[in-house]
Amino acid sequence: MPYTAGGPSPPAVYAEAVATYTHTIGGLDFAAPQDWMCEPFMLERTGLSIAEHQERTVANYLHLRAITPELPFIPVLQGWHLADRLPALHRPDPQLQRRRPSRNPLPAGATAVDAAPDG
């Protein structure tokens with residue numbers, strides 16, 4: 001993810017970078033949103049819960065899809081343990097379903113790892 005001096009790039013700057021990669025390098029099957037990591041040290045750093053990190057990751061995905069629907073952003077779901085992901089998997093988001101990219105669609109709750117050929 002591109003970074004500025006103050007931290008992660010704003011979503012529009014990140015989307016512009018992904019568009020540049022798409023047009024100059026090519027062959028981009030999908031791109032991840034700017035997800036909020038869920039490692040214990042990151043939770044300690046932010047003071048937020050895993051659920052809040054997941055919500056912010058989904059919000060970033062939805063924002064990126066809204067501003068650049070032509071780019072192949074895919075939903076991801078962060079968690080430190082499998083149990084961290086289960087509540088989110090059983091809470092379908094109609095807004096997320098409507099905005100799922102038509103190119104390389106994934107089942108609800110799937111991640112980029114699930115989409116990998118050997119995943």
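Q: Which residues of α3 are buried?
A: In α3, the buried residues are I50, H53, Q54, T57, V58, N60, Y61, L62, L64 and R65. Buried means under 20% relative accessible area, exposed means over 50%, and partly exposed is in between, with a 1.4 Å probe and protein chains only. The model is predicted, with local features needing pLDDT of at least 70 and side-chain atom pairs counting only at pLDDT 80 or more, while totals for chains, interfaces and linings use all residues. Residues are numbered from 1 along each chain as its sequence is written, and side-chain values use heavy atoms, with hydrogens and water left out.

Q: What makes N60 a buried residue?
A: The relative accessible area of N60 is 9%. The cut-off for buried is under 20%, so N60 is buried. N60 is in helix α3 and touches P11, P33 and Q34, leaving out residues up to four places away in sequence. A contact means heavy atoms within 4.5 Å.

Q: Why does Q34 count as buried?
A: Q34 has 8% relative accessibility, so Q34 counts as buried. Q34 lies in the loop between α1 and α2 (40–46).

Q: Why is S9 called buried?
A: S9 has a relative accessible area of 4%, so S9 is buried. The residue S9 sits in the loop between β2 (7–8) and α1. S9 and Q34 are 25 residues apart in sequence, and their C-alpha atoms are 9.0 Å apart.

Q: Why does I74 count as buried?
A: The relative accessibility of I74 is 1%, so I74 counts as buried. I74 is placed in the loop between α3 and α4. The C-alpha atoms of I74 and A32 are 5.7 Å apart, although the two are 42 residues apart in sequence.

Q: How do you know that the span of α1 agrees with its number of residues?
A: The expected span of a helix is 1.5 Å times one less than its number of residues. For the 14 residues of α1 that should be 20 Å, and the end C-alpha atoms are 20 Å apart, so the two agree. Helices here are DSSP runs of H or I with at least four residues, strands are runs of E with at least two, and both are numbered from the N terminus. Just after α1, G26 takes a positive phi of about 80°.

Q: What span should α3 have, and what is the distance between its end C-alpha atoms?
A: The 18 residues of α3 should span 26 Å, and the end C-alpha atoms are 26 Å apart, so the span agrees.

Q: Which residues of α1 are buried, and what do they pack against?
A: Y14, A15, A17, V18 and A19 are the buried residues of α1. They pack against α3 (50–67). Leaving aside neighbours within four places in sequence, A15 is in contact with L64, I67, T68, L71 and F73.

Q: What makes up the largest nonpolar core?
A: A nonpolar core is a set of buried Ala, Val, Leu, Ile, Met, Phe, Trp, Tyr and Cys residues joined through side-chain atoms within 4.5 Å. The largest has eleven residues: Y14, A15, V18, A19, A31, V58, Y61, L62, L64, L71 and F73. Helices α1 and α3 each supply at least two residues of this core.

Q: Why is the pair of Y14 and F73 called tilted?
A: Rings of Phe, Tyr and Trp (its six-membered ring) pair if their centres lie within 6.5 Å; planes under 30 degrees apart count as stacked, over 60 as edge-to-face and the rest as tilted. By this rule there is one aromatic pair. The ring centres of Y14 and F73 are 6.0 Å apart and the planes are at 40°, so the pair is tilted. Y14 is in helix α1 and F73 is in the loop between α3 and α4 (82–89), 59 residues apart. Both Y14 and F73 are buried.

Q: Where is confidence lowest and where is it highest?
A: pLDDT is the predictor's confidence in each residue, from 0 to 100. The lowest mean, 41, is in helix α6 (residues 112–115), and the highest, 94, is in helix α1 (residues 11–24). The protein averages 76, and 66% of the residues score at least 70. Over residues 98–119 pLDDT stays under 50, and the model has 34 contacts there beyond four places in sequence.
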